Amino acid sequence: MEHIAVKIANIPPDLNLNCKIYVKKGEDISFLCENVIVTPALLETFKTKAFPEDSVYITADYMRSFYDRGIDLGWTPPPPPPLEFEVLEIKPKSKPVVISEPEPEPKPPQQKPPPEPKPKPKGEPKTEFERVQQIYETAKEETRQFFADIAEADVISKDKTDEFVQEIKLKLETTDVTLILQSINGIRSVDEYLHTHSLNVAFLNGLMAKWLKFDKIKHDELVKVGLLHDIGKLKVPPEILNKPARLTKEEFAEIKKHPYHSFDMMVKSGYKEKNVLLGILQHHEKLNGTGYPCAISSVEITEFARITSIADIYDAMVARRVYKEAHSPFEILENFSKEGYSQLDINYVKLFIDCMAEELRGKTVVLSDGSIAVVKMVNVRNLMYPMVEVGGEIITTSPELHCVSMFNTNVSEAEVQNV
Ligand SMILES: [Fe+2]
């Protein structure tokens, strides 16, 4: 696959870079991110990641696609092949060449009709939400492959894990949090539960690390705990793990061993970070001492384990509901605040809800009557029904008129202007 350098200075703002982006390190090309909208912050990230080069790389096909759409990335396609070659190509093979016939005058290259624009890549997102969903689906597939590799080798590659953690962090930095929240609120099948859940918990832990203003080391470690906390489930027989009926006492005891298995696999793979190992081992412990595997009391439960249980339970609650239609982040948060307080560290739950409410403020949403509104205030005591501005009026939403989803740009910009 041919990669072409794009000077970072030539990348226009607001461009939808709907392709994989790479950086060059020595002779190697390594994946950086994909499907991102260009922002000043993203360009700064590119500069840092590409240093000492001043370019990122994309594949030749996508470079051609941008060129065909009139987007100037400082690249011009190579000249077409010599015309004589094309004349020979189009001659029917079955017809003998009559040598006595005069050769047609070759057309000068500049008269050659311009190439047909390539069709847009299949599945190109039309809206920001679709773009985030595409990023999320790609990340899910990468996690599935990552876990399949771990299962096969029975070892958790530290390099691959570190690379994965950085990719997850970059996705969080360049994506609207509320759209990620809506993306993880999707139907998932039994066989994709483990890797989907692990990816979601890694995302949620990444958000918590950001809100807690953790330094880079702690931030990376917390995302790592989210990604690998349940990896020990690979050691649980699938017929128990995926059993559709109620588990027997013995089967449940088998499932409850998975934090030990996760811990054991990490240690055997050479992980030594205490934060990470204890966060993984303790993610099912409860503050009142009723958790597993050790039923330890609150003072012994580490910070990473407390945070990861919030992400773990939040995602499990989302997954427990089988959806025929999308639920708004307000509804998800409301359910979480009702059910989550009883078993989790209230300080972290409060932080999670407060920060999520803050992220939602100012965002555009769709109401149950189809109108578009802007969120003005999210009351943490009544998360389901925020105050919104619609048609120049500020109203408090209610069961009769409530938010059904985040704004999806299928609705015209003009309608948003009229809010
Ligand atoms: Fe677990």
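**View 1. The exposed side of helix H5, with Asp-159 and Asp-162.** On one side of H5, Asp-159 and Asp-162 are exposed (12 or fewer other C-beta atoms within 10 Å of the residue's own, with C-beta atoms placed from the backbone; buried takes 20 or more, and partly exposed is in between). Helices here are DSSP runs of H or I with at least four residues, strands are E runs of at least two, and both are numbered from the N terminus. Keep in mind that this is a predicted model: local features need pLDDT of at least 70, side-chain atom pairs count only at pLDDT 80 or more, and totals for chains, interfaces and linings use all residues. Residues are numbered from 1 along each chain as its sequence is written.

**View 2. The buried face of H5.** Thr-161, Phe-164, Val-165, Ile-168 and Lys-171 are the buried residues of H5. Looking down the axis, they fall within an arc of 125 degrees (taken from the directions from the helix axis to the C-beta atoms), so they line one face of the helix. These buried residues pack against helices H4 (128-153), H7 (193-211) and H8 (216-228).

View 3. The protein's mean pLDDT, the predictor's confidence in each residue from 0 to 100, is 79, and 80% of residues reach 70 or more. Among the elements, H8 has the highest mean (97) and helix H3 (residues 83-90) the lowest (38). Over residues 81-122 the pLDDT is below 50, and this stretch has 16 contacts beyond near neighbours in sequence (C-beta atoms, placed from the backbone, within 7 Å).

Notes:
Contact = placed C-beta atoms within 7 Å.
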